[in-house]
Amino acid sequence: MGLSRNQSIRSSGEYLEGMLSDYMGGKTKPSTRASPKAATSSRLVTVLTCLQFAFAVYATFLLYFMSPSVDLRGKPDFSWATRIWKQFTLTPHVINHYQESNALVKEYSLIPSQVCEQEKIDFVQKKSTDAVMIKLKTELYQQVLDFQKAKIGTETLSELMSMKSKWDNTNNKIPKVTVILNHFKRKTLCAQIDSLLHQTLPFHHVWVLSFGSPNEQSLKRIVESYNNSKISFISSSYDFKYYGRFQMALQTEADLVYILDDDMIPGTKMLQILSHVAGTEKYKNSVLGSIGRILPFRQKDFTFPSYRKFRSKEAGLYLPDPAYDITLDRVVQVDFLSSSWFLSAELVKTLFIETPFTFMTGEDLHLSYQLQKYRNAGSFVLPVDPKDKETWGDSEHRLAYVAETTVIFKDIVQVRDDQWWKALSNGYITQWAAMNPQKIDALFYAHSIEEVKTLSPLLEKFRTTVGKKAYIVVSGGGFCPCEEAAVALKWPKSVCKERRFKIFDLGIGAISAAVSDSEVPVFQGVYASMKGLIKIHNPSVVIAVSDIESNVKKALKMAAETNLNSSTLVLLPRSTVPKALWMADLRPTALPNWNRMRLSISIITQNRVNSLTRLLKSLSNAYYLGDEVAITFNMDSKVDEATLKLANSFEWAHGPKILRRRIIQGGLIRAVSESWYPSSDDNFGLLLEDDIEVSPYYYLWIKNALLSYHYDPQVSLPELASISLYTPRLVEVVKERPKWNATEFFKGIHPNTPYLHQLPCSWGAVFFPKQWREFYVYMNTRFTEDAKQNPVQIPKSRTNGWQASWKKFLIDMMYLRGYVSLYPNFPNQASFSTNHMEPGAHISAKDNVVKHDKSDFEVPLLGRDFRDLLPNGKLPPVGKLPALNLFNQAVSLKGLKAAGAKLGQDVLECGAAEVVVVDRETGLASHCAKF
């Protein structure tokens with residue numbers, strides 16, 4: 001059987017022989033000693049032997065590099081061997097009957113010049129002629145630059161390069177940089193590769209990506225034409241959009257990653273500059289680039305414009321911006337980078353912590369947002385040397401700027417606007433936020449719709465109080481959708497879409513609730529977002545319900561603690577939220593101290609079990625706003641069995657319970673004065689004898705008063721030594737003990753104004769730690785069994801004759817030093833405590849000749865919220881509080897001190913215009929000082 005073929009097609013033997021003949025110098029002439037056929041065969045054998053040897057050498061190198069002992073991660077370069085082999089098998093001057101083969105050879109030995117295409121830039125760089133906009137943009141840029149200079153410091157290119165770096169040339173440490181080029185249609189690949197091949201710092205690898213590109217084959221040919229083992233081509237018919245290149249970056253083993261859009265042709269010094277800056281201590285935790293954006297600023301109507309709003313200063317900045325002649329001679333922090341990103345390979349992972357807002361666009365913003373949120377990393381545009389184009393990250397800026405001059409579809413702009421607003425609403429600290437720190441009174445957090453409903457009265461009170469600002473954060477998603485929260489708050493659903501601060505949707509549930517049973521995503525999402533929101537808005541308090549999910553509670557606590565400007569986490573029991581509406585009346589400077597006070601209740605009891613039962617019931621029924629309150633039972637040695645059993649069995653839900661019993665009977669003076677001693681400057685003592693009963697609102701009165709008059713750094717009232725729960729009906733220190741009505745007395749000011757009184761209260765009062773330490777020292781110095789031997793004799797005061805009374809010594813000290821107590825004043829002397837005047841150490845005692853009418857001492861308990869009874873519905877400013885002396889006469893605070901100084905009977909001898917000053921920690925008298 002024969003094989004027919006075209007005469008122009010040679011056998012393989014003829015083809016090979018012909019090629020070898022060409023290499024050996026052409027066709028030889030027949031020998032006279034051998035036939036032409038024999039001579040040809042001899043030469044062919046010789047040549048084939050040489051070729052076999054060459055191939056054996058080539059194969060040996062191939063086998064060596066394929067050995068498992070060789071590290072293939074560097075993708076070895078043995079192209080030199082291939083070139084040698086080609087020299088044996090291919091000839092550049094094949095002619096005539098070898099032309100067909102030569103065409104096949106050319107297909108696989110292309111050079112870049114044969115396949116490269118260059119992008120045509122047939123337009124001039126756009127320059128604005130709008131003088132107003134040029135002025136607005138340059139002014140805004142200067143404001144940004146001035147702020148950053150003062151805040152973080154900004155460096156020129158030469159200053160950056162002089163900074164100490166991990167990748168200094170002097171350290172002989174050369175970073176491995178993987179460069180990722182993402183291409184679709186643009187004809188810039190050759191220009192990029194040429195620039196990268198001439199970098200002053202060599203790259204480690206270049207990965208050329210083609211995802212869903214119609215030009216895949218041409219891009220592949222370009223990469224192959226460079227014949228460089230460090231340049232790889234990676235393609236997919238599926239378009240992974242803008243996030244695909246970052247997903248590929250996760251695979252690199254390099255130190256640093258340089259991701260470039262196809263419109264960026266870097267200067268030849270860029271890798272060296274970027275690596276050096278990335279190795280500095282200041283910028284090691286950063287993403288660096290050549291083009292960036294500063295997001296919109298807030299407008300006068302408190303809304304934020306679109307980032308593409310025309311002729312608007314508040315729309316932000318594009319940097320650098322040749323249209324407005326804005327060039328960068330110093331490094332600038334921006335809100336996100338465009339077109340190129342240089343960062344450590346480790347930081348790339350951060351992009352995928354949260355599900356992006358969309359995969360269709362916005363990877364640039366999402367990267368910067370995630371880096372700041374989870375790594376505290378910044379985004380910076382590096383400066384350039386205007387005279388050295390090799391320092392530019394985009395040596396042909398018209399390519400990158402075309403995106404700014406081309407019309408962008410409205411729906412894409414809307415998506416990107418929604419994305420950056422979502423980021424800002426989730427705690428992204430933009431340059432506007434950094435330059436314009438906010439200050440609000442309260443930031444509420446609700447993890448469920450029920451929590452929104454619970455907190456709504458307090459939120460509404462804050463928002464309707466003049467001068468107060470409050471926003472609410474909801475978890476979002478399946479936990480607490482924003483629109484449902486808006487309905488619960490009786491707000492329009494549109495508030496969830498407005499670019500205005502009011503309600504923030506974290507989207508926690510949307511990401512984690514349906515896909516994970518772990519609490520970690522929820523904790524991480526709440527903490528990271530709230531940390532940023534707290535830093536932006538600086539709330540005095542962060543408010544949530546006390547029974548919120550434990551991990552959310554921990555996240556809120558951590559977020560609040562990170563704020564250097566002091567934000568306090570307030571956790572309110574749901575039932576007490578309506579009782580805490582007065583919180584909105586506190587000054588912003590007082591609110592952060594919400595959790596500081598620690599009240600210790602000291603009960604003095606012995607053998608009145610029924611009275612004690614009544615007192616304990618009233619204490620248990622009071623509103624404590626979730627605060628911890630300690631309770632101590634102080635029992636004398638003669639305590640009866642029933643009282644002991646009651647004290648032992650009593651369950652106190654608001655804090656620790658302590659039982660103390662004396663061995664030797666001490667009597668009332670020791671039982672009271674030794675029942676409490678402050679453990680800190682924030683520990684206040686409430687002393688109660690067992691025949692006292694308190695109002696459910698007593699704790700609210702104490703906390704409100706302390707925050708208004710003691711814990712507000714802008715309020716000065718050092719004379720305040722105690723807060724009374726009781727409103728007296730008699731002038732106690734006058735012999736006749738006339739009746740007295742505070743409501744009637746102060747009706748010219750306000751019938752229900754609280755007031756300051758020099759008389760301390762023994763029927764329910766909170767004593768301050770500093771003055772109680774003083775009292776201990778004072779009483780130890782002045783105590784005598786015989787009252788007549790006491791050196792302090794207050795003119796016309798019946799207290800001079802009191803014996804065995806701790807209150808007598810406290811009155812003396814307060815008179816001498818000008819101290820006062822704060823008293824409530826409500827209709828019919830309704831109070832936060834009352835005295836039932838039951839028989840005891842004083843009342844009905846055999847040696848007490850004073851008769852007591854119960855109606856003069858027993859007052860009604862206040863059983864309602866007292867806010868609407870106060871002047872203007874809140875405690876008056878400290879300067880509006882009237883003051884009374886010991887005898888219920890109106891006197892100024894200075895006048896009270898003058899009366900004590902005039903008496904001149906304190907433990908130190910002071911001048912007529914001086915009072916004793918004591919050591920705050922010990923209570924010991926230190927020196928005299930003028931008042």
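By the rule that a salt bridge is a side-chain nitrogen of Lys or Arg within 4 Å of a carboxyl oxygen of Asp or Glu, the count comes to 42 salt bridges. The model is a predicted one, in which local features need pLDDT of at least 70 and side-chain atom pairs count only at pLDDT 80 or more, while totals for chains, interfaces and linings use all residues. Residues are numbered from 1 along each chain as its sequence is written, and side-chain values use heavy atoms, with hydrogens and water left out.

| Pair | Closest N and O atoms |
|---|---|
| Lysine 241 and aspartate 239 | 3.9 Å |
| Arginine 574 and glutamate 451 | 3.9 Å |

Arginine 574 is partly exposed at 30%, whereas glutamate 451 is buried at 5%. Aspartate 812 is buried with a relative accessible area of 0%, and lysine 808 is buried at 1%. Helices (H or I, at least four residues) and strands (E, at least two) are DSSP runs, numbered from the N terminus. Because aspartate 812 and lysine 808 lie 4 residues apart in helix H28 (residues 806-817), about one helical turn separates them.

The strands can be described next, where two strands pair if DSSP finds at least two bridges between them. An open sheet of mixed pairing is formed by 9 strands in the order S19-S18-S17-S20-S24-S22-S25-S23-S27. Since S19 and strand S27 (883-884) stand at the edges, each with a single partner strand, one side of each is left without a neighbour in the sheet. Strand S18 (residues 629-635) runs parallel to strand S19 (residues 657-661), joined to it by 5 bridges, and threonine 632 stands opposite isoleucine 658 in S19. Strand S22 (residues 720-724) and strand S25 (residues 820-823) also pair in the parallel sense, over 3 bridges, with isoleucine 723 opposite leucine 822 in S25.

A nonpolar core is a set of buried Ala, Val, Leu, Ile, Met, Phe, Trp, Tyr and Cys residues joined through side-chain atoms within 4.5 Å. The largest such core has 214 residues, and those with the most contacts inside it are Met530, Ile543, Leu599, Ile601, Leu619 and Tyr698. Helix H25 gives the most to this core, with 9 residues. A second, separate core has 38 residues, including Leu260, Ile291, Val331 and Phe380.

Terms used:
Buried means under 20% relative accessible area, exposed over 50%, partly exposed in between (1.4 Å probe, protein chains only).
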